[in-house]
Amino acid sequence: MMKFFRHKAYFIGIHVLMFGFLISTLYAYSPGIRVIVKQIIDPPNDVYTIAHRGASGYAPENTMPAIELAKEMKAEYVEIDIHLTKDLVPVVIHDDTVNRTTNGKGYVKNMSLEQIRQLDAGTWFNEAYPMFAREQYAGTPVPTLEQVFETFGKDIRYMLEIKDARPNVNIESILNDMIIKYDLEHEVAVHSFSESSLRRFHAINPDIPLYQLVWNDYTAARIPESYLNKVKTYAVGISPNFQGITPTYVSQIKRSGLKVMPYTVNYQVNMDKAYSWGVDGVYTNFPDRFLEVIENNRENARW
């Protein structure tokens, strides 16, 4: 009987050692595993909840109600999209036309501010999402960036997306002047898909943090080091589409010294993945959902 127990103990011991060796090897050679282990042991303190176009899952995107709701939900950043009108006024709207999110038709760049002000940017939401419809959303106007800054000031932080990156309209200087006017340099970050626009902004004001937006058509395991080194010359981080990244991709960007904040993550199972991969923030239409994911992960780590 004693011999049987010795053999059993030996068998268990060998398998424990093999399991430990396997885990150590995976930890040593898999950056994704290292990220996950670190998040379990030491959850990050600063993972930003970025309300995509405001709390746009619950209110008309890029409107004052959506921004107000994001503030109430305690999102760290409110992401809003910026186009210039024909008279070069920054307005908060995503598309280059007003067709999808208002009752009007036409390109923003061909419309004056007065024309933009006549549009209804809320009724479409009530019709598209009846479960979240509110009477007060009907007739909601397209806000100007100045209205947003005047209303919310330093009460929130802003992630401004430059949509109209034409070099001849000088949108970067216009935005920077407005940021300075309202003393919001420490509350504002800027992102764009346009590298040239971000470089122009960086040349104007190197103190404003910039993020390079990236779209991956396929799930990318790695990103060229040469590209990361180039981005570091003008930006502090990369914001890729969530469906196009992996834990290894996230780890590589973070090891390079850049931040990584994927978009647009609306389901909590994906939010949980993004959190466990060690991202620095998440863009979401539902900021309350991601804040819940963060809290649950931190609670589960207190062992």
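A: The structure holds 1 cavity of 30 Å³ or more. Rolling a probe the size of a water molecule over the atoms shows where empty space is left. Here a cavity is a set of points, on a 1 Å grid over the protein atoms alone, where a 1.4 Å probe fits but cannot get out. Bear in mind that this is a predicted model, in which local features need pLDDT of at least 70 and side-chain atom pairs count only at pLDDT 80 or more, while totals for chains, interfaces and linings use all residues. Residues are numbered from 1 along each chain as its sequence is written, and side-chain values use heavy atoms, leaving out hydrogens and water.

Q: How much space lies in the largest cavity, and which residues line it?
A: About 60 Å³, where a volume is the space filled by probe spheres set on the points, with grid points joined across faces, edges and corners. Lining residues have an atom within 4 Å of a point. For the largest cavity they are E61, N62, T63, V92, I93, H94, T101, A121, V142 and P143. By class, that lining has 5 nonpolar, 4 polar and 1 charged residues. Ala, Val, Leu, Ile, Met, Phe, Trp, Tyr, Cys and Pro count as nonpolar, Asp, Glu, Lys and Arg as charged, and the others, Gly among them, as polar.

Q: What share of the 303 residues in the protein chain is buried?
A: Buried means under 20% relative accessible area, exposed over 50%, and partly exposed in between (1.4 Å probe, protein chains only). In this protein chain, buried residues make up 51%.

Q: How many residues are in the largest nonpolar core?
A: In soluble globular proteins, nonpolar side chains tend to be buried together. A nonpolar core is a set of buried Ala, Val, Leu, Ile, Met, Phe, Trp, Tyr and Cys residues joined through side-chain atoms within 4.5 Å. The largest one here has 66 residues, and I80, F149, Y158, L160 and V190 have the most contacts inside it. Contact means heavy atoms within 4.5 Å. Leaving aside neighbours within four places in sequence, V190 is in contact with residues including M159, L160, F201 and Y211.

Q: How many helices and strands are in the protein chain?
A: Helices (H or I, at least four residues) and strands (E, at least two) are DSSP runs, numbered from the N terminus. The protein chain has 12 helices and 9 strands.

Q: Why is Q252 counted as buried?
A: Q252 is buried because its relative accessible area is 1%. This residue is found in helix α10, which spans residues 247-255 and also buries Y249, V250, S251 and I253. Not counting residues up to four places away in sequence, Q252 touches R222, I223, E225 and L228. After α10 comes G257, with a positive phi near 100 degrees.

Q: Where is H202, and what does H202 contact?
A: H202 sits in helix α8 (residues 195-204) and is partly exposed, with a relative accessible area of 24%. Beyond its neighbours within four places in sequence, H202 is in contact with L210, T233 and Y234. H202 and E172 are 30 residues apart in sequence and 9.0 Å apart in space, C-alpha to C-alpha.

Q: Which value is phi of N170 near?
A: Phi of N170 is near 60 degrees, a positive value in a residue other than glycine. N170 lies in the loop between β4 (157-162) and α7 (171-181). D183, in the loop between α7 and β5 (188-192), also has a positive phi, near 55 degrees.

Conventions:
1 Å grid on protein atoms, 1.4 Å probe; cavity = no way out; pocket = protein on both sides within 12 Å on 5 of 7 lines; lining within 4 Å.
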